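Please find below a note on the model under review. The points are numbered so that each may be taken up separately.

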Amino acid sequence: MSLGFAITSLEQGLAFSIMALGVFISFRILDFADLTVDGSLPLGAAVSARMIMAGYDPFYSLAAALLAGAGAGFITGFLNTRLKIAPLLAGILTMTSLYSINLRVMGRPNIPLLGRENIFTKVRDLGISYPWYSLLLLLVIIMVVKLLLDAFLNTQIGFAMRATGDNPQMIRSMGISTNTMKMLGLIISNALVSLSGALVGQYQGFADVNMGVGAIIAGLASVIIGEVIIGTKSMIIATFGVIIGSIVYRFSISIALNLGLAASDLKLLTAILVIFFLSTPRIRKALR
C-alpha cells in the first residue's frame with residue numbers, strides 16, 4: 001500500500017465520517033430509521049457546488065449546505081411528528097422529494113468543480129504542500145464537529161434527546177416533548193449529512209445528483225464497525241468509534257478496488273462487512 005493510497009483512503013474516511021455521525025444520531029440515539037440521508041448528502045453537494053459556481057466563498061457554501069440539510073431533517077421530522085407518518089415512510093418521502101429538489105438546485109445532473117476555488121485550494125495556497133493540505137483541513141473540521149457534538153450531547157437537551165430514543169415513556173412523564181427531541185435530532189443529523197456532502201463534493205471536484213445512493217448503508221456500516229472496534233462505553237468514545245469505523249470502511253472499499261473487485265460489487269461487499277461486524281459479538285460469545 002503506497003502512502004498516497006493510504007492518505008486518499010484516510011481523507012475519504014474523514015469526509016464521510018461526518019455523514020456517519022449524522023446517521024449515528026438518527027439510528028443510535030433517536031432509534032429512528034431515517035432514509036433522508038440518501039437525499040440530504042447530494043443536497044449538501046448541490047448547494048455547495050451551485051454557490052461556488054455563482055462565485056461565493058466555498059466556506060460560505062458549507063454553511064449553506066448545513067442549513068439546507070437542517071431543512072431536510074425538519075421536513076422528515078414534521079412528517080413524522082405532526083402528520084404522524086411512520087418514520088421509515090417519512091424518510092422515504094423526503095428522500096424522494098429531494099431528488100427533484102437537488103436537480104432544481106443544480107440545474108443539471110452533474111456540476112464539475114475542476115478549476116474552481118474550494119476550501120482545499122484555499123488551504124493549499126497558504127503554503128501547505130500536497131498531499132497534506134487536504135488531510136490537515138479534514139482533520140481540523142472533523143475535530144471541531146466531534147467536539148461540538150460531544151459537548152451538545154452532554155447538555156441537558158442532549159441527555160433528553162438520548163433518553164428519547166432509549167425510553168420515550170420516561171421522557172414524556174417528565175414533561176419533555178419527545179416530538180421536539182425527534183425534530184431537533186433529525187435536524188442535526190441531516191445537517192451533518194449535508195455538510196459531509198458539501199465536503200465530499202469539493203474534495204472530489206464535482207457534485208452529482210446520484211452521489212447519495214447507498215449513503216445510508218455506508219453510514220450504518222461505519223457506525224456498526226466503530227461500535228465493534230472501539231465500543232460504546234461513553235458518548236465521547238462512541239462518536240470517536242464512528243469516525244474510526246468510517247475510516248476502516250473506506251480503507252476496506254479502497255483495498256477491495258485495488259485488488260481488482262468490480263465497482264458493481266461494492267454494495268455486496270458493504271453488506272458482507274455489515275453482516276460480519278454485526279455477528280462478531282455472537283461469534284465471540286460462542287467461542288467463549
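1. Basis. This is a predicted model, in which local features need pLDDT of at least 70 and side-chain atom pairs count only at pLDDT 80 or more, while totals for chains, interfaces and linings use all residues. Residues are numbered from 1 along each chain as its sequence is written, and side-chain values use heavy atoms, with hydrogens and water left out.

2. Annotated segments. An unreviewed UniProt entry lists "transmembrane region" for residues 12-30, 59-79, 86-105, 132-153, 183-203, 209-229, 236-253 and 259-278. The positions follow the numbering used here, feature names are shortened, and such annotations may be inferred rather than shown by experiment. Two of these segments may be set against the model. Residues 183-203 are 100% helix and 0% strand, with 30 Å between the end C-alpha atoms. Residues 236-253 are likewise 100% helix and 0% strand, and there the end C-alpha atoms lie 26 Å apart. Helices (H or I, at least four residues) and strands (E, at least two) are DSSP runs, numbered from the N terminus.

3. Helices α1 and α10. How are α1 and α10 oriented to each other? Helix α10 (residues 215-229) packs against α1 at an angle of about 80 degrees, and the axes are 8 Å apart. The two are therefore roughly perpendicular. Axes are lines fitted to C-alpha atoms, for helices over the stretch in contact, and angles run from 0 to 180 degrees between N-to-C directions. Angles under 35 degrees count as roughly parallel, over 145 as roughly antiparallel, 65 to 115 as roughly perpendicular and the rest as oblique. From α1, the residues M19, A20, V23, F24, F27 and R28 meet A215, I216, A218, G219, L220, S222, V223, I224 and E227 of α10. By class, this contact has eleven nonpolar, two polar and two charged residues. Ala, Val, Leu, Ile, Met, Phe, Trp, Tyr, Cys and Pro count as nonpolar, Asp, Glu, Lys and Arg as charged, and the others, Gly among them, as polar.

4. Helices α2 and α4. The axes of α2 (residues 37-53) and α4 (residues 87-106) come within 9 Å and cross at roughly 10 degrees, so α2 is roughly parallel to α4. On the α2 side the contact is made by D38, G39, S40, P42, L43, A46, V47 and R50, and on the α4 side by M95, L98, N102, R104, V105 and M106. The classes here are eight nonpolar, three polar and three charged residues.

5. Nonpolar cores. A nonpolar core is a set of buried Ala, Val, Leu, Ile, Met, Phe, Trp, Tyr and Cys residues joined through side-chain atoms within 4.5 Å. The largest has 73 residues, and I18 and M19 have the most contacts inside it. Helix α1 (residues 3-29) gives the most to this core, namely 13 residues. With neighbours within four places in sequence left aside, M19 is in contact (heavy atoms within 4.5 Å) with V37, L41, L192, V193, S196, A215, A218 and G219. A second, separate core of five residues includes L43, V47, M51 and A72.

6. R28. This residue of helix α1 is partly exposed, with a relative accessible area of 39%. Buried means under 20% relative accessible area, exposed over 50%, and partly exposed in between (1.4 Å probe, protein chains only). The C-alpha atoms of R28 and I224 are 10.0 Å apart, although 196 residues separate them along the chain. Beyond neighbours within four places in sequence, R28 is in contact with V23, V223, I224 and E227.

7. Which backbone value deserves a check at D31? D31 is not a glycine, yet its phi is positive, at about 55 degrees. D31 lies in the loop between α1 and α2 and, at 60% relative accessibility, counts as exposed. Its contacts, leaving aside neighbours within four places in sequence, are S26 and G165. K84, also a residue other than glycine, has a positive phi near 60 degrees. K84 is placed in the loop between α3 (58-81) and α4, and its relative accessibility of 60% makes it exposed.

8. D208. Is D208 buried or exposed? At 18% relative accessibility, D208 counts as buried. D208 belongs to strand β2 (residues 206-208) and touches P42, M106, P109 and N110, not counting residues up to four places away in sequence.
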